[in-house]
Amino acid sequence: MVPNSQADILRCAPYFPVADVSTTGAYYRDVLGFQCEYSAGEPPDFALYSRNGFALMFRRVQEPASIYPNEKQGGTWDVFFWVNDVESLHTELTHKGAGIVYPPIVQPYGMKEFAIRDPNGYVLGFGQDWPAASAAGV
């Protein structure tokens with residue numbers, strides 16, 4: 001019998017291989033509103049960026065051709081963030097020049113969401129739970 005663990009998972013950070021950590025970090029800072037929590041190397045080989053406590057890790061790879069975002073493999077996003085105001089975030093990121101993959105849309109599964117593509121090709125989804133009653137009218 002395995003005892004129940006009382007250990008909590010406190011945080012999660014997707015890990016993105018990138019060609020240039022500095023350039024990627026600047027995009028996430030300037031366009032997406034993330035802040036650098038940690039960076040290693042000069043120029044950086046690794047960095048941790050976060051917004052509202054939700055983090056992403058970037059690691060420089062020698063061969064950029066080896067970077068395969070999920071979309072290239074038939075997926076939709078590389079990471080998905082639940083937000084409290086999807087329209088405001090979409091407006092913010094659009095004004096800052098984010099590359100919009102698709103604008104806010106109400107999905108049949110009760111989520112109003114949009115997606116952006118970063119300079120490495122990674123797709124980030126942002127969504128808000130949306131009442132089913134509103135889905136028919138939006």
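The exercises below work through a predicted model of a protein, each with a stepwise solution.

**Exercise 1. Overall build**

Task: State how many helices and strands the protein has, and in which order the elements run.

Solution: 
- Step 1. The protein has three helices and eight strands.
- Step 2. Read from the N terminus, the order is β-α-β-β-β-β-α-β-β-β-α.
- Step 3. Along the principal axes, the C-alpha atoms fill a box of roughly 50 × 50 × 30 Å.
- Step 4. Among contacts with a separation of 6 or more, 55% join residues 24 or more positions apart.

**Exercise 2. Surface and charge**

Task: Find what share of the residues is buried, and what share of the accessible surface belongs to carbon and sulfur atoms.

Solution: 
- Step 1. The chain has 138 residues, and 38% of these count as buried.
- Step 2. The accessible surface is about 8300 Å². Carbon and sulfur atoms hold 55% of that surface.
- Step 3. For the charges, there are 9 positive and 15 negative ones, and their mean positions lie 3 Å apart.

**Exercise 3. The largest pocket**

Task: Give the volume of the largest pocket and name the residues nearest its centre.

Solution: 
- Step 1. The space in the largest pocket is about 250 Å³.
- Step 2. Its lining consists of 13 residues. Nearest the centre are Arg-51, Asn-52, Trp-82, Val-83 and Leu-89.
- Step 3. Strand S5 (79-82) and helix H2 (86-95) each contribute at least two lining residues.
- Step 4. Asn-52 sits in the loop between S3 and strand S4 (54-60). Asn-52 is not a glycine, yet its phi is positive, at about 55 degrees.
- Step 5. Is Asn-52 buried or exposed? Its relative accessible area is 68%. The cut-off for exposed is over 50%, so Asn-52 is exposed.

**Exercise 4. A cis peptide bond**

Task: Identify which peptide bond, from Glu-42 onward to its neighbour, is cis, and locate the proline.

Solution: 
- Step 1. The bond from Glu-42 to Pro-43 has omega near 0 degrees and is cis.
- Step 2. Pro-43 lies in the loop between S2 and strand S3 (46-51).

**Exercise 5. A residue before the first element**

Task: Is Leu-10 buried or exposed, and where in the chain does Leu-10 lie?

Solution: 
- Step 1. Leu-10 is in the segment before strand S1 (15-18).
- Step 2. Its relative accessibility is 78%. That value falls in the exposed range, over 50%, so Leu-10 counts as exposed.
- Step 3. Leu-10 and Leu-93 are separated by 83 residues in sequence and by 27 Å in space, C-alpha to C-alpha.

Technical notes
Residues are numbered from 1 along each chain as its sequence is written. This is a predicted model: local features need pLDDT of at least 70, side-chain atom pairs count only at pLDDT 80 or more; totals for chains, interfaces and linings use all residues. Side-chain values use heavy atoms; hydrogens and water are left out. Helices (H or I, at least four residues) and strands (E, at least two) are DSSP runs, numbered from the N terminus. Buried means under 20% relative accessible area, exposed over 50%, partly exposed in between (1.4 Å probe, protein chains only). Contact means heavy atoms within 4.5 Å. Accessible areas come from the Shrake-Rupley method with a 1.4 Å probe; for residues, only the protein chains shown count as cover. Lys and Arg count as positive and Asp and Glu as negative; His and the chain ends are not counted. The place of a charge is taken as NZ of Lys, CZ of Arg, CG of Asp or CD of Glu. On a 1 Å grid over the protein atoms alone, a cavity is a set of points where a 1.4 Å probe fits but cannot get out, and a pocket is an open set with protein on both sides within 12 Å along at least five of seven lines; lining residues have an atom within 4 Å of a point. Grid points are joined across faces, edges and corners, and a volume is the space filled by probe spheres set on the points.
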